[in-house]
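The structure is shown first.

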Amino acid sequence: EKMYRDSMKWRCEIDMTRILNMFQKGEYTNEKEETLTKLGKKLFYGYVIGETVQDAPLLCERIGRAEFAKISKDKESLHATKLAYAAYLETAWLILEKRNKCERGVIVVDLEGISMSLLWNVSILKQIIHVGPLHYPEITKRVMIIRAPYFFTQLWAIVKRFVPKRTQHKIQVFGHSDYIDELAKITKGGLDSLPS
C-alpha cells in the first residue's frame, strides 16, 4: 500500500498528465517543454510496440542503439531521457490498467549494436531506469534479451549468480535468430503486428 501511495504521490509531483500530453499528444505549455520532448524522443531507446496475447504491454528497449555518451553530455539530455522513460512506463501501466487484469508486460531488450562501451556508461543507464522499480513495481512478467553478442552471454552467465532466483526466472537470453519463434508466439497479431 505504501509503495502504491508513494507512486501516486510521485505522479502528482512530476505532473504525469502533462508529461504524457507532451510525449503522446505534442501539447506543450512553453518552448522549453517542446525542446525537452523532442530531445527525449531523439535520445530515448524504448517504445511500447504492441500487446501480448494476454493483453499486456509488449515493450522494446533498443539498448544496443542507445547513445549513452550523448545522454550523459549534459543535465538537460539526461533529464529529457528520464522524462521519455517515465512516459514510456506510464503508457505501459495505462495499458495494464485499461485491461483491468492481473497481468504484467514483456520487455524485449534488443542488444543489436551493443559494445563494451556500455560498461563505461552503465551509471547513466542506472540513473535512467531508477524510476522503474520505485514507481512501477511488478509491471514486468518477463524480459527477453535478444540479439545478444557472445561477450554478453558470457557476462550474463557470471552475473546471474548474483541475481535473485525469482528475477533470474523472468530473464531469457537469445541470440540473433532463436528469439523469432518465441516472440511470434507471445505477440498479439504475430510478428506482422510489430514495427519492422
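Two residues are in contact when heavy atoms lie within 4.5 Å. The model is predicted, and every contact described below refers to that model.

With this cut-off, the meeting of helix 3 and helix 5 can be described. On the side of helix 3, the residues involved are Thr35, Leu36, Leu39, Gly40 and Leu43; on the side of helix 5, they are Glu76, Ser77, His79, Ala80, Thr81, Leu83 and Ala84. Sorted by class, the contact of helix 3 with helix 5 comprises 6 nonpolar, 5 polar and 1 charged residues. The two axes come within 8 Å and cross at roughly 75 degrees. Helix 3 is therefore roughly perpendicular to helix 5, because angles of 65 to 115 degrees fall in that class.

Helix 3 (residues 31-43) also packs against helix 2 (residues 16-25). Here the angle is about 65 degrees, and the axes are 9 Å apart. Helix 2 is thus roughly perpendicular to helix 3, and the crossing of helix 2 and helix 3 is right-handed. Helix 2 contributes Arg18, Met22 and Phe23 to the contact, while helix 3 contributes Glu33, Leu36, Thr37, Gly40 and Lys41. By class, 3 nonpolar, 2 polar and 3 charged residues make up the contact of helix 2 with helix 3. Leu36 and Gly40 of helix 3 take part in the contact with helix 2 and also in the contact with helix 5.

The next topic is aromatic pairing. A pair of aromatic rings is described by the distance of the centres and the angle of the planes. Across the whole structure, a search finds 7 aromatic pairs. One of them joins phenylalanine 44 to tyrosine 85, with 5.8 Å from centre to centre and 65 degrees between the planes, an edge-to-face arrangement. This pair links distant parts of the chain, 41 residues apart: phenylalanine 44 belongs to the loop between helix 3 and strand 1 (46-51), and tyrosine 85 to helix 5 (residues 75-99). Both phenylalanine 44 and tyrosine 85 are buried.

Phenylalanine 44 also pairs with tyrosine 88. Their ring centres are 5.2 Å apart and their planes stand at 65 degrees, so this pair is edge-to-face. Tyrosine 88 lies in helix 5, 44 residues from phenylalanine 44, and this pair too links distant parts of the chain. Why do phenylalanine 44 and tyrosine 88 count as buried? The relative accessible area is 6% for phenylalanine 44 and 4% for tyrosine 88, and buried means under 20%. Phe44, Tyr85 and Tyr88 form one aromatic cluster together with Tyr45 and Phe68.

Two further residues may be considered individually. Threonine 52 sits in the loop between strand 1 and strand 2 (57-61). With a relative accessible area of 2%, threonine 52 is buried. Not counting residues up to four places away in sequence, threonine 52 touches Pro57, Leu58, Val106, Ile186, Thr187 and Lys188.

Leucine 191 is found in the segment after helix 11 (180-186). Is leucine 191 buried, exposed or partly exposed? Its relative accessibility is 34%, so leucine 191 counts as partly exposed. Not counting residues up to four places away in sequence, leucine 191 touches Ile180, Leu183 and Ala184. The C-alpha atoms of leucine 191 and isoleucine 180 are separated by 8.3 Å, with the two residues 11 apart along the chain.

Terms used:
Residues are numbered from 1 along each chain as its sequence is written. This is a predicted model: local features need pLDDT of at least 70, side-chain atom pairs count only at pLDDT 80 or more; totals for chains, interfaces and linings use all residues. Side-chain values use heavy atoms; hydrogens and water are left out. Axes are lines fitted to C-alpha atoms, for helices over the stretch in contact, and angles run from 0 to 180 degrees between N-to-C directions. Helices (H or I, at least four residues) and strands (E, at least two) are DSSP runs, numbered from the N terminus. Angles under 35 degrees count as roughly parallel, over 145 as roughly antiparallel, 65 to 115 as roughly perpendicular and the rest as oblique. A crossing is left-handed if the near helix is turned anticlockwise from the far one by less than a right angle, and right-handed if clockwise. Ala, Val, Leu, Ile, Met, Phe, Trp, Tyr, Cys and Pro count as nonpolar, Asp, Glu, Lys and Arg as charged, and the others, Gly among them, as polar. Rings of Phe, Tyr and Trp (its six-membered ring) pair if their centres lie within 6.5 Å; planes under 30 degrees apart count as stacked, over 60 as edge-to-face and the rest as tilted. Buried means under 20% relative accessible area, exposed over 50%, partly exposed in between (1.4 Å probe, protein chains only).
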